[in-house]
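Let's take a walk through a protein model together.

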Amino acid sequence: MLKTPTPRAGRISAASSQNTMSAKNTPSATNASAPHASEDEKLLHSMGYAQELLRRMSGFSNFAISFSIICILAGGITSLQLGTSAVGGAAAGIVWPIGVGFCFLVALCMAQIASAFPTAGGLYHWSSILGGKGWGWSTAWFNLGGLIFVTAAVDVGVYSLFVNFVGPMIGIDPAKLTVTHQIIGVSAILISQATLNHFGIRAVTLLTDFSGYLIFVVAIVLTIAMLIAAPTHDFSRLFTFSNMSGDSGGGVWPESTGGFTMFLLALMWPIYTITGYDASAHTSEETVDAARNVPKGILRSVYLSGLFGWVMVSAFVIALPSIADGAKQGGNIFPWLMEQVLPGTFGKILWIGIVVSNFLCGLACVTSTSRMIYAFARDGGLPASSALRKVSSKWKTPVAAIWTTAALALASTLYAPAYSTLTTACVIFLYISYVMPTAAGFFTFGKSWTKMGPFNIGATAFKALAVVSVLGVALLVWIGVQPPNDKALTVTLVTTGLLVATWWLGVRKSFRGPPVMSATATTSKSGFSTEPQFVGK
């Protein structure tokens with residue numbers, strides 16, 4: 001007889017895993033087609049979890065949430081100086097596609113695993129199954145830390161963009177605002193985003209779907225406007241490397257004579273921008289036909305962001321009155337560029353579109369982070385897990401996890417010196433968590449991990465890409481801790497040390513991990529595991 005899943009935990013017993021969950025016991029989406037809903041729930045059930053969240057996201061919606069978090073109108077604009085103040089115009093023409101290409105390789109490995117194990121909090125779950133619960137627990141903390149810091153960084157960016165470029169249109173004088181105003185402003189932004197998330201995935205889906213279209217439209221219009229208003233059309237800039245370190249680059253990077261070093265530092269621009277595509281995995285349990293749509297969402301969000309972003313940032317470089325004058329602006333390069341080429345009403349309309357896109361990026365960040373907290377908490381991985389794993393019976397959302405996300409993101413912005421270091425560390429944390437399940441998969445592919453999902457690049461390709469991804473992230477860590485971001489090394493080392501110590505000093509005995517800790521099983525007609533091995537509590 002089927003046992004009713006415990007709503008608070010979202011886990012099911014091994015005995016009940018051999019049966020098909022009934023509609024009575026699984027509050028699934030009414031909008032999902034019956035065959036897909038049935039297969040999705042069977043697969044989730046086979047991994048030991050009940051269907052608690054509302055499964056109504058389409059393939060486009062799953063893509064849109066990652067595309068919204070990547071948001072080329074966020075990192076592509078606010079981090080422009082990381083590239084131009086390193087190597088000049090070649091940052092857009094050459095460095096950007098190289099950085100995006102690396103991100104796509106990481107995404108391919110992520111998509112392979114996501115197709116086989118489409119669950120909320122995917123990275124943590126994958127690492128646990130493929131590398132053991134300790135590896136999964138560590139992945140969860142790196143991913144969670146990165147997600148919280150990214151959410152904070154995005155919403156501080158929303159506040160800054162609003163008060164500096166939209167605020168003056170309505171009578172706000174940015175010069176009169178203090179840190180207190182920033183705290184109040186960021187709080188209001190986070191509260192509004194958490195409120196929208198609180199009241200169901202429907203509203204969030206509608207807004208992130210809209211965000212996907214908005215980013216496309218604003219990026220295209222901005223690109224065309226830049227090219228039309230450009231004083232010259234010198235395309236050779238896109239392939240010309242210039243050492244812009246030190247004062248020539250507005251002090252963004254310290255003075256350096258190493259051209260290769262500056263090239264590596266410039267990679268931080270596209271790689272920082274192309275983050276957050278794990279959101280497609282985190283919303284797996286709310287996505288219809290997740291094993292197919294989640295890997296598609298991951299990959300499409302990366303290559304479309306990379307491609308549209310490449311055209312857009314190339315237009316920025318071409319539109320600059322002078323590469324040297326632009327680089328000297330440092331972090332103010334994009335506002336300076338807008339003032340030079342699009343100073344009128346049309347430019348103000350574009351600023352409004354950029355600010356709205358960044359707000360919706362933050363909204364999607366709250367969604368992704370809250371699902372990670374929910375997934376980790378239902379396996380007992382967090383303090384106060386019993387509260388954080390609860391799903392609202394009315395809204396089918398993890399309400400406590402949503403508001404905890406908002407609170408933690410706000411807290412990480414309160415101390416300015418620490419905030420600067422944490423935002424740098426967030427990229428390191430995220431990409432470490434991105435490749436941890438891939439590293440485990442390298443050793444288990446074809447051994448303990450034999451059952452793949454519909455998206456399968458094959459053992460040879462996966463293992464080759466796994467090596468490149470892991471080595472690339474190791475290099476990224478080195479790049480990310482170079483001056484002036486050297487404090488990020490301390491944060492990363494201390495975090496790693498604390499995780500190791502905490503695990504061995506007791507957590508390894510108390511943390512139970514996911515209910516299913518085996519990647520071997522028989523498969524259903526969709527190619528999924530339906531008879532997993534369960535570990536006892």
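D289 is buried, because its relative accessible area is 13% and buried means under 20% relative accessible area, with exposed being over 50% and partly exposed in between (1.4 Å probe, protein chains only). You'll find D289 in the loop between α12 (279-282) and α13 (290-319). Its phi is near 55°, a positive value in a residue other than glycine. Most residues other than glycine have a negative phi, and most peptide bonds are trans.

Now look at A384, which also isn't a glycine and has a positive phi of about 60°. A384 sits in the loop between α16 and α17 (385-388). Is A384 buried or exposed? With a relative accessible area of 53%, A384 is exposed. Another spot to check out is the peptide bond joining P483 and P484, which is cis, with an omega of about 10°. P484 belongs to the loop between α20 (459-480) and α21 (487-510).

A quick word on what you're looking at: this is a predicted model, in which local features need pLDDT of at least 70 and side-chain atom pairs count only at pLDDT 80 or more, while totals for chains, interfaces and linings use all residues. Residues are numbered from 1 along each chain as its sequence is written, and side-chain values use heavy atoms, with hydrogens and water left out.

Time to zoom out. The protein has 21 helices and 0 strands; these are DSSP runs, numbered from the N terminus, with helices (H or I) having at least four residues and strands (E) at least two. Of its 537 residues, 59% count as buried. Contact means heavy atoms within 4.5 Å, and among the contacts with a separation of 6 or more, 82% come from residues 24 or more positions apart.

What sits inside? The largest nonpolar core has 167 residues. A nonpolar core is a set of buried Ala, Val, Leu, Ile, Met, Phe, Trp, Tyr and Cys residues joined through side-chain atoms within 4.5 Å. The residues with the most contacts inside this core are L222, M226, Y277, F316, F334 and Y431. Take M226: leaving aside its neighbours within four places in sequence, M226 is in contact with A315, F316, A319, F334, L337, M338, V341 and L342.

Several of those names lead us to helix α15. It's mostly covered, with 7 of its 9 residues buried, namely I333, F334, P335, W336, L337, M338 and V341. Two packed helices are described by the angle between their axes and the distance between the axes. Axes are lines fitted to C-alpha atoms, for helices over the stretch in contact, and angles run from 0 to 180 degrees between N-to-C directions. The axes of α15 (residues 333-341) and α16 (residues 345-377) come within 10 Å and cross at roughly 150°. That makes α15 roughly antiparallel to α16, since angles over 145 degrees count that way, while those under 35 count as roughly parallel, 65 to 115 as roughly perpendicular and the rest as oblique. Where do they meet? F334, P335 and M338 in α15 touch G347, L350, W351 and I354 in α16. By class, this contact has 6 nonpolar, 1 polar and no charged residues; Ala, Val, Leu, Ile, Met, Phe, Trp, Tyr, Cys and Pro count as nonpolar, Asp, Glu, Lys and Arg as charged, and the others, Gly among them, as polar.

Stay on α16 and find S357, which lies in that helix. S357 counts as buried because its relative accessibility is 0%. Apart from neighbours within four places in sequence, S357 is in contact with C71, L73, L214 and I215.

From there, hop to L207 in helix α9 (residues 201-229). At 26% relative accessibility, L207 counts as partly exposed. Leaving out neighbours within four places in sequence, L207 is in contact with L196, L360 and L363. L207 and S61 are 146 residues apart in sequence, yet 9.7 Å apart in space, C-alpha to C-alpha.
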